[in-house]
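Hello,

Here is the structure we talked about passing on.

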Amino acid sequence: LVSSAGPITAAVGADGTVELRPGAGLARRLVPLWLRENCPCPECTAPGGQRIVDVTAFPADLRPADVRLVADALEIGWPDGHTSTYPMPGLLAGPEPDRLPRPEPWDAGTALGDPFDALDLAADPAHLAACLEAVHSSGVALVRGAEPAPGALEGIVGLFGHVRETNYGRLFDVRTVIGAENLAYTGLGLPPHTDNPYRDPTPGIQLLHCIRADEGGGGETTLVDGLAAAERLRRADRPAYDLLAATEIGFRYRGSGVDLRARFPVLRLGADGEVAEVRWNTRSCEPFDFGPRLARAYYGAYAAFGRLLADPLLARRLRLRPGDVLVMDNLRVLHGRTRIESPGERHLQGCYADRDGPRSRLRTLLEADDEGEGPAP
Ligand code: OGA
Ligand code: NM2
Ligand code: ZN
Ligand code: ZN
């Protein structure tokens, strides 16, 4: 024991590790390099929190020269004369957890939240936060009351992110055209899919804005939670799930002036072992390049997942009306449409964005709410 202040004590081990013990609760052990790297003084950390020191410049066997607990801080003197002061009890608290809600898988039977209102999203930070919470926890939010006019989508996506411009444009028009270069621009029905899996990075967010949808024109929307489907596959057929997670397949799209190719597994797991990204697009994958043994197993796993995605028990169906905007996590929720019938006009505008935008916006909204003030302009 080298030092104590109030109920907190600090002890230094032979390798310089500092062990902090609160009066009650868990001890925290901090190695010297961690302490040196995270010195909060103005020489080491800029006011915004960005780090100025580079830990790789310190010797691996760095040890504090002197450790003491003062009234409300841990103080460390380093061999080079630098002093670090860490406010307590913050140092005991450990890493700041991310405040985003947990993803909640859903299926056809899950109650839908109310749609969000486009005008309220712009005017009321709490409404925007609720919408972004829905995008994060369920991977989809329906917004009503946008102007049913080309370009209005810019005002919605701008509330939480930046348009990812692609070869399809900043905004793209989904309507039936003669000589379509993409099946999306024909009247064909589209089974639930991920957009642009042939792009690296694949857009994490997609918005679809209904500008016109005449009665009887078909084109009903189907949404399927890829996370819920993956979870079912994991429980029903673990080897199939593992194979889809372990095997990269190629995705490709060739159109005017582009030849886009990317390789990803259908299920991409994060370091925590949970599904982080789902890519499903049977129209845009390349011929599988496996030998016969893997091919047989892979087709089995692929079809098992495909059957789950086609199960009506997992699908949510809705009819987009003019002024509706769907905000979707493109790497989680698959979207599709029934075939488009003529006569009758149907016109959607869409755009892509990235997952980081809505997540960042939601964190700032939650923080501003904590501080009891509106978000920064
Ligand atoms: C697409 C698409 C849905 C629709 O264009 O990729 O999924 O409702 N469109 O037309
Ligand atoms: N569009 C609508 O990813 C895809 O190829 C689906 C995308 C053409 C931008 C269609
Ligand atoms: Zn410092
Ligand atoms: Zn699509």
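**Ligand 1**

Before going on, the ground rules. This is a predicted model, where local features need pLDDT of at least 70 and side-chain atom pairs count only at pLDDT 80 or more, while totals for chains, interfaces and linings use all residues. Residues are numbered from 1 along each chain as its sequence is written, chains are lettered from A and ligands numbered from 1 in the order in which they are written, and side-chain values use heavy atoms, with hydrogens and water left out.

An atom of Arg-346 lies 2.6 Å away, one of Arg-337 2.8 Å, and one of His-193 3.1 Å. Taken alone, ligand 1 exposes 290 Å², and the protein buries 96% of that (Shrake-Rupley areas, 1.4 Å probe; for residues, only the protein chains shown count as cover). Helices (H or I, at least four residues) and strands (E, at least two) are DSSP runs, numbered from the N terminus.

**Ligand 2**

Around ligand 2 sit Tyr-168, Phe-172, Asn-182, Ala-184, Tyr-185, Asp-195, Asn-196, Tyr-198 and Tyr-352. That shell has six nonpolar, two polar and one charged residues. A backbone N or O atom of Asn-196 lies 2.6 Å from a ligand 2 oxygen. A side-chain N or O atom of Tyr-198 is also 2.6 Å from an oxygen of ligand 2. For a polar side-chain atom of Asn-182, the distance to a ligand oxygen is 3.1 Å. Alone, ligand 2 exposes 310 Å²; the protein buries 97% of that.

**Tyr-253**

Tyr-253 is in strand S14 (residues 248–255). Its relative accessible area is 8%, so Tyr-253 is buried (under 20%; exposed is over 50%, partly exposed in between; 1.4 Å probe, protein chains only). Its side chain makes a polar contact with that of Glu-181, at 3.0 Å (a pair of N or O atoms within 3.5 Å; within protein, one must be able to donate a hydrogen and the other to accept it, and residues adjacent in sequence count only if both atoms are side-chain atoms). Tyr-253 also touches Asn-182 and Tyr-198, among others (contact: heavy atoms within 4.5 Å). Both of these also belong to the ligand 2 shell.

**Cores**

The largest nonpolar core has 55 residues (buried Ala, Val, Leu, Ile, Met, Phe, Trp, Tyr and Cys joined through side-chain atoms within 4.5 Å). Helix H8 (residues 292–309) gives the most to this core, with eight residues. Val-266, Tyr-298 and Phe-305 have the most contacts inside it. Apart from it lies another core, of 29 residues, including Leu-159 and Val-325.

**Helix H6**

Which residues of helix H6 (residues 226–236) are buried? Gly-226, Leu-227, Ala-228, Ala-229, Ala-230 and Leu-233. Their cover includes H8 and S20. At the start of H6, a side-chain oxygen of Asp-225 reaches to within 3.0 Å of the backbone nitrogen of Leu-227.

Best wishes

Notes:
Near = heavy atom within 4 Å. Nonpolar A, V, L, I, M, F, W, Y, C, P; charged D, E, K, R; others polar. Lists of a residue's contacts leave out its neighbours within four places in sequence.
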